[in-house]
Amino acid sequence: MLSSTDFTSASWELVVRVDHPNEEQQKDITLRVSGDLHVGGVMLKLVEQINISQDWSDFALWWEQKHCWLLKTHWTLDKYGVQADAKLLFTPQHKMLRLRLPNLKMVRLRVSFSAVVFKAVSDICKILNIRRSEELSLLKPSGDYFKKKKKKDKNNKEPIIEDVLNLESSPTASGSSVSPGLYSKTMTPIYDPINGTPVSSTMTWFSDSPLTEQNCSILAFSQPPESPEALADMYQPRSLVDKAKLNAGWLDSSRSLMEQGIQEDEQLLLRFKYYSFFDLNPKYDAVRINQLYEQARWAILLEEIDCTEEEMLIFAALQYHISKLSLSAETQDFTSESEVDEIEAALSNLEVTLEGGKADSLLEDITDIPKLADNLKLFRPKKLLLKAFKQYWFVFKDTSIAYFKNKELEQGEPVEKLNLRGCEVVPDVNVAGRKFGIKLLIPVADGMNEMYLRCDHENQYAQWMAACMLASKGKTMADSSYQPEVLNILSFLRMKNRNSASQVASSLENMDMNPECFVSPRCAKKHKSKQLAARILEAHQNVAQMPLVEAKLRFIQAWQSLPEFGLTYYLVRFKGSKKDDILGVSYNRLIKIDAATGIPVTTWRFTNIKQWNVNWETRQVVIEFDQNVFTAFTCLSADCKIVHEYIGGYIFLSTRSKDQNETLDEDLFHKLTGGQD
């Protein structure tokens, strides 16, 4: 039996600071504990000694020196290694956070500071009604993000008061999960297909969300365009190195906000991190589509992605059109349509699926794989040679393309046959100059082989481009997405075809736009305002009849068609190299780019990766590809964990399918991105 002296020697004093929300100063509480006392017992003693009647269920212990939460309440102090010198804080797990959304709207909501960022983002997206939260993450803005704004603030005597959407009463405040109703197949809110707002009867499904109390359209509708002065005042990256700096602040998805030094009420950016947008559906994704459109819009305006002047005008015309529709009273007050019962709609969809509505076309796909055959011009770049195209007879079947000297030799051996599975397809088009080209980068052991195809007209280009794009994903022209893809490409080409309609002149008389709001500041400086407005209105003639959501989706598609789309840049030093290079990370490949010239040097496909790992001591990422090809690099502009997570994250996203339910395999995500065995 232990004597009182033995008991005293086995126990010791532990000082815990209590972060009480109702008191201005934190208070120290001294407890007498022993090493075999579990964490739950420590918290129980704390609550008894504080002696204030309230709900303490959201409180947990934070160990300041070790920078970690003590969330396993059944673990003893000895197992955690807590001793008398430990500085513990008894604090709420959910704290306020300010989030800047892609549309630059600021929301303030209560977020878990103890859950890993992957889970915290999932909860945030449920509050905001954004599906597919795995595509988004939190970004800590760099100093450059605020640089120009601060300069402006010095000259302003009056402080700018920002309108913040306060969602403090969010359901995660109590630590409970958000209602799964938002995500179930039969109870998902039905949206009006024209303007994307929830049909009135479905607002009942938002009863758990603070968005019921505030206007949901704040997040689902585009904000009025910024003034040219405000646009010019925002930070614009001028080089690939500048763009690399913007991507340094992504938070680690496998650690909590508190573990990464994020403070209560700090400002973070909520952004689409992975450019692999799965199952975009206007019926369910009003907020998601709008925020995606806004992220694309700002990427164009701030020149975070390069585009030609012709493409800039198309983006401007779509922005102008979307802005007009968003401000239209007809769009805002659209409630006259008949209401749709969610369960009946789901049963109807199920009935169509069970009856096999597409059986005929599926049978046709199996028995008849289409083939393309036509005369195209070919150019294969070689050093010290001018760009000369030569005509061949091309045959496209399955996922392969073959070419012959002429049509009569088609039954013989081709000059060359290439499998396009895993290749990179880049449009090389100038509609005004009647140039319809396709650039193909075909993977080989040490990088990419480059070849250019030239088509004679729009229809030929659309068919061959769609076939190449599907083949790069391992699909044939028998796939049901082939014809829609051809129509999408043709539609985009028509938008590029500036139709100088007579209405443009009269439109200028009563023009209701500031053209500089819809193009990048650099583009605005090249043209007079009236000239720019005329060109935007010319391009607008081709999109003037589009409904709002379709216009946003078309903007997103046009953004996705840009050669640089989806590339996230990092400054790296490759093993054995004496100079710094840029590493571009995309949804399907890694690209080594010369930092001085911006010219791609080597491309590696994710499909060719056998394994990758990180040496955490030297902070070096090592990747092994097929055919015993290795590459290794250290990251200079960011932590190597960020690049490691990007690679694993994209591979994780490639495992998604429409057949699976909407719950994600979080363990698989952490296994692929965590970097720890």
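Contact here means heavy atoms within 4.5 Å, and axes are lines fitted to C-alpha atoms, for helices over the stretch in contact. With those terms, helix 20 (residues 640-653) packs against helix 21 (residues 666-673) at an angle of about 135°, the axes lying 8 Å apart. This is a predicted model. Its protein chain has a mean pLDDT of 80.

**Helix 20 and helix 21**

- The angle between the two axes is about 135°.
- Helix 20 passes helix 21 in a right-handed crossing.
- Helix 20 contributes Lys641, His644, Glu645, Gly648, Gly649, Ile651 and Phe652 to the contact. From helix 21 come Leu668, Phe669, Leu672 and Thr673.
- By class, this contact has 5 nonpolar, 4 polar and 2 charged residues.

- Seven strands form an open sheet in the order 21-20-19-18-24-23-22, with antiparallel pairing.
- Strand 21 (600-605) and strand 22 (609-615) are the edge strands, each with a single partner, so one side of each has no neighbour in the sheet.
- From one strand to the next, the twist averages 30°.
- Gln611 has Glu624 in strand 23 as its bridge partner.
- Helix 20 packs on this sheet. It touches strand 18 (568-574), strand 19 (581-585), strand 20 (589-594), strand 22, strand 23 and strand 24 (629-635). The direction of helix 20 makes about 155° with that of strand 22.
- Strand 20 and strand 21 pair in the antiparallel sense over 5 bridges. Ile593 has Pro600 in strand 21 as its bridge partner.
- Strand 20 and strand 21 form a hairpin with 5 residues between them. In the turn, Gly598 has a positive phi of about 75°.

**Strand 15 and strand 16**

- Strand 15 (residues 424-430) and strand 16 (residues 435-444) run antiparallel and are joined by 7 bridges.
- Pro427 stands opposite Ile438 in strand 16.
- The hairpin of strand 15 and strand 16 has 4 residues between the strands. Arg434 in this hairpin takes a positive phi near 55°.

**Helix 10 and helix 18**

- The axes of helix 10 (residues 309-327) and helix 18 (residues 529-540) come within 8 Å and cross at roughly 75°.
- Helix 10 and helix 18 are therefore roughly perpendicular to each other.
- On helix 10, the contact is made by Glu309, Leu313, Ala316, Ala317, Tyr320 and His321. On helix 18, it is made by Leu532, Arg535, Ile536, Leu537, Ala539 and His540.
- The residues of this contact divide into 8 nonpolar, 2 polar and 2 charged.

**Confidence**

- Of the residues in the protein chain, 77% reach a pLDDT of 70 or more.
- Over residues 149-159, pLDDT stays under 50. The model has 3 contacts beyond four places in sequence for this stretch.
- Over residues 329-367, pLDDT also stays under 50. For residues 329-367, the model has 29 contacts beyond four places in sequence.

Conventions
Residues numbered from 1 in each chain as written. Predicted model: local features only at pLDDT ≥ 70, side-chain atom pairs only at ≥ 80, totals over all residues. Heavy atoms only, no water. Axes fitted to C-alpha atoms, helices over the stretch in contact; angles between N-to-C directions. Helix = DSSP H or I, 4+ residues; strand = E, 2+ residues; numbered from the N terminus. Left-handed = near helix turned anticlockwise from the far one by under 90°. Nonpolar A, V, L, I, M, F, W, Y, C, P; charged D, E, K, R; others polar. Pairing = 2+ DSSP bridges. pLDDT = per-residue confidence, 0-100. Parallel < 35°, antiparallel > 145°, perpendicular 65-115°, else oblique.
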